[in-house]
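Please look over the sequence and the structure shown below, and then follow the paragraphs that come after them, which go from the two chains to single residues.

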Amino acid sequence: MPENGPASITGIGLVTPAGIGRSSNWATVCSGRSTTTPLDILADAPVGFASTVPSTFDIDRFTGRHLSRQYDRSTQFALVAAQAALNDAELTPTVRSDARIAVVIGTAFGGIHTFEDNHTRFHTTGPTAVTTRFLPKGLVNMVSGILSIELRATGPNLVTSTACASGATALGVGLDLLRADSADIVIAGGTDASVTPLLVAGFHKLRALSRSQHRLRQASRPFDRDHDGFVLAEGAGILTLERGSDAAQRGARTYAKLAGYGATADAHHITAPHPEGRGAKEAIHAACRDAGIAPGDIEHVNAHATSTPTGDSIEAAVLAEMTPNAVVTSTKGVTGHTMGAAGAIEAAYTALALSSQTIPPVAHLEQPCAAARALDLVTGAPRTGTFETALSNSFGFGGHNAVLAFTRT
Amino acid sequence: MRTELFRILHESFDVPSDEIRSEKTLDELGIDSVAALELSEILHERLGVSVSEDEVSTQNTVEQLATIVTKKAGA
């Protein structure tokens, strides 16, 4: 593989509010259906709705083993998604027996459920009530460690944490590992089980969440003039990356090529993006340069757009300037904002868009906000056409920017 | 008590039912030192039995542990 060559995306595993599995996700995202629902666990929280993984998710049933007690919910999502991606890629244990397999997983909150549970035990009953598995379940690195154990993946193994860009960062690092010849197969993606009352309270304090309780099915409406914050969500997206030559040799299907990665920091503010999108523009430049594509030749962008007025407007202005020929969507109108998983889930949707030549609509977008009027946004129904190149943007608190560039197979 | 212990080993530690036999040590069933501590915690929660770290040694057989738990539960 040349130093800056692309990686083949050969497998996709998704556990999101839009469904469990690649096909159900794609059908839901293309339908533009909302996944936002009121939740009993948020009854006392300042915002009472979110988007959660379907209640049919049961790792014990999926694996035929008793893992629900052993692993944090975020790890459960990642494990099911990773196994689905390997199955999708037909990377059976035999096929991968001699391969160096890396695992790179992005997460913003790690084992937040486990931390919250043990914190409650500690304060209500005392230190003896803290469980033995508190740290092995909860530590932020454990998701990649557990995946290595479960999947017998003995190559480079790490977690990336760049807030809501974590999943995209993981894929970018995974691409770099293949290029550096540090691995033959990379299992990369993101996970977060972020729907908890504590996190709702925290994001609400920052005025980041939608408060559209009266029309919660339309609460997540990226780029819409009435956008008023994001809808908190959870999930995991895991992809398998391989060198093109390896994928071709074993006759693997390739959804799309991951051709470039650009990472920058705004160096500006703890939560707000730079007002002119300085870091975002530089990340787009870097990803396009890495992929050998001019930004003006990008034909599709899966935007970060979370449905916050400031974030959507700044990103819209950046895209209008840098990728004027792109057909733009944000799939968060359907999924809500899955935090550290978002970048990986949206990378999967971008790969599926290129492979199916279909771009899903921005759900619930009625009238674009002023900055987004210059964009060619997909509304209503999915858009079909010929799309050879694409970007997926991800930005996170702390000023992290991670942009992935894709090309059609 | 033995049945309950078998169930805990299966449901909480993912040990396949057909592998759980009285003569096997906890170590042979994949119960490592962390899992042994957790087993002690579960025995306390579910059965109200306090077993020491030594008593849930990974070198103990299932039978030895069942005997200890039975004795303590009856005490």
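Positions taken from UniProt are given in the numbering used here, and such annotations may be inferred rather than shown by experiment. With that caution in mind, the UniProt record, an unreviewed entry, places "domain: Carrier" on residues 1–73 of chain B. In this predicted model, that span is 53% helix and 0% strand, and its end C-alpha atoms lie 9 Å apart. The predictor's confidence in chain B averages a pLDDT of 91, with 99% of the residues of the chain at 70 or more. For chain A, UniProt lists "domain: Ketosynthase family 3 (KS3)", also from an unreviewed entry, at residues 4–408. That span of chain A is 33% helix and 20% strand, and 17 Å separate its end C-alpha atoms.

How do the two chains meet? The complex as a whole is given an ipTM of 0.76 and a pTM of 0.94 by the predictor. The contact between the chains involves 8 residues from chain B and 9 residues from chain A. On the side of chain B that touches chain A, the elements giving two or more residues are α1 (2–13) and α2 (33–47) of chain B, and α2(B) gives the most, with 4 residues.

A helix of chain A, α11 (residues 309–322), shows how an element can be covered by others. Its 14 residues reach 20 Å from the first C-alpha to the last, close to the 20 Å expected at 1.5 Å a residue. Among the buried residues of α11(A) are A:G311, A:I314, A:A317 and A:L319, and what covers the buried residues of this helix includes α10 (278–291), β10 (300–302), β11 (327–329) and β15 (389–396) of chain A.

Most residues other than glycine have a negative phi. A:D181, however, has a positive phi of about 60° although it is not a glycine, and A:D181 lies in the loop between α7 and β7 of chain A. Is A:D181 buried or exposed? A:D181 counts as exposed because it has 11 C-beta neighbours inside 10 Å, and the cut-off for exposed is 12 or fewer. A:Q357 has a positive phi as well, near 55°, and sits in the loop between α13 (342–356) and β12 (358–359) of chain A. With 14 other C-beta atoms within 10 Å, A:Q357 is partly exposed.

The last stop is A:T409, in the segment after β16 (400–407) of chain A. A:T409 is partly exposed, with 16 other C-beta atoms within 10 Å. Leaving aside residues up to four places away in sequence, A:T409 touches A:T254, A:A256, A:K257 and A:S355.

Notes
Residues are numbered from 1 along each chain as its sequence is written. Chains are lettered from A and ligands numbered from 1 in the order in which they are written. This is a predicted model: local features need pLDDT of at least 70, side-chain atom pairs count only at pLDDT 80 or more; totals for chains, interfaces and linings use all residues. pLDDT is the predictor's confidence in each residue, from 0 to 100. Two residues are in contact if their C-beta atoms, placed from the backbone, lie within 7 Å. The expected span of a helix is 1.5 Å times one less than its number of residues. A residue is buried if 20 or more other C-beta atoms lie within 10 Å of its own, exposed if 12 or fewer, and partly exposed in between; C-beta atoms are placed from the backbone.
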